[in-house]
Amino acid sequence: MSTVAYDDRDGFIWCNGELVPWRDAKLHVLSHGLHYASSVFEGERVYQGAIFKRDEHHQRLLDSARQMGFEVPYSVDEINRAAERVIEANGITEGYVRPIAWRGSEQMGVAAQRNRIHVAIAAWKWDTYFTPEARLKGIQMRTASWARPAPETAPVHAKASGLYMICTLSKHEAEADGFNDALMLDYRGRIAEATGANIFLVQNGELHTPEPDCFLDGITRRAVVQLARERGYSVHERALMPGELDRTDEVFITGTAVEVTPVNRIDGRHFTVGPVTRELVEAFDQLVQNPSTWDQHTTAPSSVQPAAAAGR
Ligand code: PMP
């Protein structure tokens, strides 16, 4: 990725209905979204010119806004078309798309019912970050000192900017200690997720992943659950306590940015990058690299039960 700052690049960004030159895509400092984190966003990957799980991401943007008490003033179809214009205007075949919606400036106190809802969509080139071989080395995680909040504490199912303040703090803490990312536990002490990705454990050849009852139910997570089941794996969605890591053989994380990335260490525990993780890394790569097969992969929110197919 380029090291040029994100506000100083060539190209076009879609803002409230029109494409504007990249450097002109500005907001006023007196914006409610900035002061009070009344902002929701998405992160999407473009493979071969197409957005993976496009409709799911744009529906989630609208749903996140609703959980924050506002309506995005565009339909999923309109956001789809706008994102496609941005991809085309910036000549992107492999990249990342970042839609964002926020409350504007009409009221500048806690209450902001009258504020205009602004929407912008940016996209940039981003080649597949790791080669499959590099990714298979795995990453190291450190347990965060921050916990994912309870559902009555924050709109935990929204992809809302405010929820990322503890992710940034946790990731900084991990990086300062020489780790790549943080493992966040929830308010009950259960394993929740990484700072921008969901987590899976492999125990005796079966997959276990926390129930997303206080964090984002990732679109990649759902796709990987489906891929695993198609391959005959049992997938259990349940409460996972950190002590279980002692009887866990493999760990990996899933997300739009990290795709499927193995974890080789959490605090003092080491894990092998084993056969189940390798198979799913490969299966996910094959899926995303073949846009013609995407329609067969629906990702309605999964109630993850043990696979009907024979277990391995
Ligand atoms: N959890 C958090 C906190 C995230 O930021 C992300 C990335 N959007 C995920 C999980 C994974 O979600 P997805 O697979 O939809 O990208």
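Trainee: What should I know before I start?

Mentor: The model is predicted: local features need pLDDT of at least 70, side-chain atom pairs count only at pLDDT 80 or more, and totals for chains, interfaces and linings use all residues. Residues are numbered from 1 along each chain as its sequence is written, and side-chain values use heavy atoms, with hydrogens and water left out.

Trainee: Ligand first. How many residues surround the ligand, and which are the closest?

Mentor: The count is 14. The closest are Tyr164, Glu193, Ile219, Thr220 and Thr256. A residue is near a molecule if one of its heavy atoms lies within 4 Å of it.

Trainee: What classes make up the shell around the ligand?

Mentor: Four residues are nonpolar, seven polar and three charged. Ala, Val, Leu, Ile, Met, Phe, Trp, Tyr, Cys and Pro count as nonpolar; Asp, Glu, Lys and Arg are charged; the others, Gly among them, are polar.

Trainee: How much of the ligand's accessible area does the protein cover?

Mentor: It covers 95% of the 380 Å² that the ligand has on its own. Such areas come from the Shrake-Rupley method with a 1.4 Å probe; for residues, only the protein chains shown count as cover.

Trainee: New topic: rings. How many aromatic pairs are there?

Mentor: Ten, in a search of the whole structure. Rings of Phe, Tyr and Trp (its six-membered ring) pair if their centres lie within 6.5 Å; planes under 30 degrees apart are stacked, over 60 edge-to-face, the rest tilted.

Trainee: Why is the pair of phenylalanine 52 and tryptophan 294 edge-to-face?

Mentor: Because their planes are at 70°, with the centres 5.1 Å apart. The two residues are 242 apart in the chain. Phenylalanine 52 is in the loop between strand S5 (50-51) and helix H2 (54-67), and tryptophan 294 is in the segment after helix H7 (275-288). Helices (H or I, at least four residues) and strands (E, at least two) are DSSP runs, numbered from the N terminus.

Trainee: Are phenylalanine 52 and tryptophan 294 buried or exposed?

Mentor: Both are buried. Buried means under 20% relative accessible area, exposed over 50%, partly exposed in between (1.4 Å probe, protein chains only).

Trainee: Which residues do ring pairs link into a cluster?

Mentor: Tyr6, Tyr96, Trp124 and Trp126. The charged end of arginine 9 sits over the ring of tyrosine 6, 3.9 Å from its centre. Arginine 45 lies over the face of tryptophan 126, 4.4 Å from the ring centre. The test wants NZ of Lys or CZ of Arg within 6 Å of the ring centre and within 35 degrees of the ring normal.

Trainee: Last one, loops. Where does alanine 37 lie?

Mentor: In the loop between H1 and S3. Alanine 37 has a positive phi of about 55° although it is not a glycine. Serine 38 lies in the loop between helix H1 (32-36) and strand S3 (39-41). Its side chain reaches the backbone nitrogen of glycine 33 at 3.3 Å.

Definitions and conventions: A polar contact is a pair of N or O atoms within 3.5 Å; within protein, one must be able to donate a hydrogen and the other to accept it, and residues adjacent in sequence count only if both atoms are side-chain atoms.
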